[in-house]
Amino acid sequence: MGIRVLLLLVVTVSAGIAQADVYRYVDADGVVQFTNVPPDSRYKIYMKEKKKKPDPVAQTLASEIRYYDEQARSRFSRHIHDAARLTRLEPALIHAVISAESGYNPLARSHKGAAGLMQLMPETAKRYGVKNRLDPAQNIHGGARYLRDLVRMFNNDLQLAVAAYNAGENAVVRHGNRIPPYSETMTYVPRVMNYYKKYRTTS
């Protein structure tokens, strides 16, 4: 009986169905019992649930749109304005991308490997000389330069540039210079554009 329960548990966990810590107890008859809701202190932790780190972009897109006020945006405004001046982008566009990517959390990390305010991937950071992706100044300047190059690549079409920032420029090209039909990207683009329109009037 105990062996059968143990085997069922292993199959359940390996299939990814178990969603909580598993506790184990061996009674006086040697029967092994498992539960995710231990009734008393005799049950000891057997297996910890593996929790995925939240993805900043996924969290932002899953929530109602939240506009960040001037006070919230002012924390990194100096770096954003410097980057905007050097790349000839509007500060509002950089603010819009940061709002959607990290919600102004400079330590944000995604399970895909992106990091920082503008969620730079390691390859993108390397391309633009960003040594520390969690450094706000480096992250913003690297992200702004990448965004500028995307704007140029797609002939100043901001929606395509924003789509490429999310899905990659190759994905946009593969889909005939259209927004790729990925659920995240199709949510991301209008979200960024809404931020952009709002911040143009308040920045």
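Tutor: Take the lining of the largest pocket by residue class: eight nonpolar, six polar and seven charged. Here Ala, Val, Leu, Ile, Met, Phe, Trp, Tyr, Cys and Pro count as nonpolar, Asp, Glu, Lys and Arg as charged, and the others, Gly among them, as polar. This is a predicted model: local features need pLDDT of at least 70, side-chain atom pairs count only at pLDDT 80 or more, and totals for chains, interfaces and linings use all residues. Residues are numbered from 1 along each chain as its sequence is written, and side-chain values use heavy atoms, without hydrogens and water.

Student: What is the volume of the largest pocket?

Tutor: A pocket is an open set of points on a 1 Å grid over the protein atoms alone, where a 1.4 Å probe fits, with protein on both sides within 12 Å along at least five of seven lines; lining residues have an atom within 4 Å of a point. Volume is the space filled by probe spheres set on the points, which are joined across faces, edges and corners. Here it is about 480 Å³.

Student: Which element gives the most to the lining?

Tutor: Helices (H or I, at least four residues) and strands (E, at least two) are DSSP runs, numbered from the N terminus. α8 gives the most, four residues.

Student: How many bridges pair β1 with β2?

Tutor: Pairing needs at least two DSSP bridges. β1 and β2 (residues 32–35) have four, antiparallel. Tyr25 partners Gln33 in β2. Five residues separate the two strands of this hairpin, and Gly30 in the turn has a positive phi of about 85°.
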